[in-house]
Amino acid sequence: MAKKQPTPNRTPAPAGPAKQPVQAVAATETIAPKTRSGLPMVWKLALLLAVITIAVYANTLQNGFVLDDHMVYSKNKIVNQGFDGIAELLKTPRLKGFGYLKNENYRPLSLMMFATEVGLFGLNATVAHAFNILFFSLCVVFLFLFLHKLLEGRIVSAFIASLLFAVHPIHTEVVANIKSLDEIFCFMFAFLGLNLYALYMRKGSIVHLLLGTASLFLSFLSKETVVTFLGIIQLTFFFFLRQDANEESSATGIAKWIPNNMRAIIMTGAMGIVTAVYLFIRHSILSDYGASTAAVEFIDNALVGAPDMATRLGTAFYTLGMYVKLLLVPYPLINDYGYNSVPYVGFGNVWVLLSVAIYVGAGVIGLYRLVRFRKDYWAYGILFFMATIALFSNIFFLMGSAMGERFLFFASAGFCLLAALAIEKWLLKGEADFNKFTANKLALAVLVPVCLLYSVQTFSRNAEWVDNSTLFTKDLEKSPNNGRLNYYVGNELIENVLPTEKDTAKRREIITEGIAKLKKAIEIFPRYTDAYTELGTAYLNLGQYDSAEKNFKIAISQSDYQSIAANNLGIAYLRTGRFAEGITAFKLA
């Protein structure tokens with residue numbers, strides 16, 4: 001069991017002979033040792049982490065707009081207004097500029113950034129990717145600065161954890177997908193807020209309190225899932241970053257007379273107020289547009305169709321086990337884990353039982369160590385991971401997706417902290433001096449190959465996000481029984497590849513391949529309405545009007561929202577001289 005570490009005394013020693021002057025100096029020096037240039041070591045390492053992050057993701061600059069990038073950026077009418085659209089983005093649901101969707105959210109901050117980019121640079125994917133890289137590097141820096149405070153100057157562990165976070169391939173979806181700037185902003189402002197709150201707890205400055213609360217509000221405006229951070233902040237400041245009763249405060253003025261625990265309570269109240277304000281704004285705007293959350297669709301989250309609760313929970317735990325596996329061995333990585341990438345399994349499955357054992361065991365250990373030792377960093381890493389992954393577990397309620405690599409963005413920080421603590425304990429034997437760490441051959445023999453492998457895989461995965469065609473084709477090879485990936489490939493061939501091809505023979509090959517993928521998608525999921533619509537469109541291009549009519553009618557029968565199917569059915573009728581039926585179809589559309 002790890003022993004509680006004494007809090008280093010950051011204030012001058014009282015008058016009189018010091019009992020342990022050497023230890024006091026050493027403790028102080030671990031907080032911010034200076035380099036020969038005079039720059040504090042913590043800032044020099046922060047800069048190094050930023051450079052490494054930028055280098056690992058530099059090849060995303062060649063990528064275009066992919067997946068949901070079109071909805072929130074390239075084809076979003078409000079975003080494409082540039083500066084003129086910013087005011088409207090603040091008072092409308094997220095996808096108002098693309099098209100009405102019933103299942104909506106309010107996440108204006110990333111859209112406002114996109115509009116700013118358009119206002120300054122025009123519609124430019126390279127610029128958008130550059131900003132994603134820049135803001136992700138700030139995420140890494142803010143994580144490092146926070147861990148340095150949390151670990152009370154143990155700069156080696158803070159650096160290792162942040163380095164692993166920077167190069168881990170699990171983050172490629174977030175950084176390489178422009179749309180996921182909402183995830184990046186949510187993380188960046190959450191950890192900026194943690195750093196500011198930490199300064200408030202130490203100095204008692206009202207400015208730090210207000211800035212930290214403002215950062216939390218910006219995190220909410222980025223993505224509502226930061227709500228899990230409210231518990232993390234409580235854990236951080238009631239158990240970790242608070243002064244012991246015998247530690248002298250560095251606060252000045254009136255703040256000096258506010259007890260440390262009272263600062264935590266004041267901070268909690270501020271968080272409560274800003275959360276209530278955000279929820280009020282969100283509810284008001286979504287209600288104005290009738291954009292309340294709709295029912296989860298099977299194609300998005302197959303757990304909706306689980307045969308019973310035991311299977312639903314068993315499959316959810318199976319997915320949680322897959323998350324652990326991807327953190328340890330991040331391969332294969334795919335952009336979609338819809339039906340049937342994750343099979344239905346019950347509690348008789350050995351992997352489900354192993355996952356339950358891992359999560360229940362980790363939860364018990366984390367809570368025990370927190371209660372037993374109070375300030376225990378292993379407990380913090382475990383509980384951070386558990387709290388941030390719980391929202392995406394599909395155990396307490398069903399989400400809009402069964403699984404996604406982006407859902408590990410916050411939770412991976414807890415995993416990286418645990419990995420760094422393990423390296424410090426078993427390879428560095430508790431050594432906290434950075435120079436001695438860089439001279440430790442055993443630690444470097446483990447850490448360097450892992451970071452190189454992660455970096456190479458991240459760089460390689462970035463290249464697969466270059467465009468939709470490459471991404472969908474590569475991911476379908478890894479998950480051939482995924483209904484949505486088959487649909488994605490078929491749709492991409494019919495809608496985007498086919499129009500650019502002039503050769504008649506090649507066009508027929510493209511259509512034939514697209515039809516095969518769409519039929520596979522329907523074979524996997526017989527009620528895949530969009531696949532029927534796209535399959536009808538493929539037959540329409542081939543001039544096989546009977547087959548086109550059949551598939552359009554199936555799509556229309558399955559959904560009240562298939563305007564594209566109705567419109568294309570009208571075209572099929574017109575081409576075959578059935579004008580009255582064509583008019584009826586167009587009216588339906």
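Guide: In this predicted model, helix H5 (residues 108-121) and helix H9 (residues 181-203) have axes that come within 8 Å and cross at roughly 115 degrees. Angles of 65 to 115 degrees count as roughly perpendicular, so H5 and H9 are roughly perpendicular to each other. The crossing of H5 past H9 is right-handed. On the H5 side the contact is made by Leu109, Ser110, Met113 and Phe114, and on the H9 side by Leu181, Asp182, Phe185 and Phe189. By class, the residues of this contact of H5 with H9 are six nonpolar, one polar and one charged.

Helix H21 (residues 504-524) has 21 residues, which at 1.5 Å a residue should span 30 Å; the end C-alpha atoms of H21 are 31 Å apart, which agrees. The buried residues of H21 are Ile510, Ile511, Gly514, Ile515, Leu518, Ala521, Ile522 and Ile524. These buried residues pack against helix H20 (483-497) and H22.

Alanine 531 lies in helix H22 (residues 529-542). Its relative accessibility is 0%, so alanine 531 counts as buried. Apart from neighbours within four places in sequence, alanine 531 is in contact with Tyr487, Leu518, Ala521 and Ile522. Of these, Leu518, Ala521 and Ile522 are among the buried residues of H21. From alanine 531 to lysine 520 the C-alpha to C-alpha distance is 9.5 Å, with the two residues 11 apart in sequence.

Technical notes: Residues numbered from 1 in each chain as written. Predicted model: local features only at pLDDT ≥ 70, side-chain atom pairs only at ≥ 80, totals over all residues. Heavy atoms only, no water. Axes fitted to C-alpha atoms, helices over the stretch in contact; angles between N-to-C directions. Helix = DSSP H or I, 4+ residues; strand = E, 2+ residues; numbered from the N terminus. Parallel < 35°, antiparallel > 145°, perpendicular 65-115°, else oblique. Left-handed = near helix turned anticlockwise from the far one by under 90°. Contact = heavy atoms within 4.5 Å. Nonpolar A, V, L, I, M, F, W, Y, C, P; charged D, E, K, R; others polar. Buried < 20%, exposed > 50% of the residue type's maximum accessible area, 1.4 Å probe, protein only. Expected span 1.5 Å × (residues − 1).
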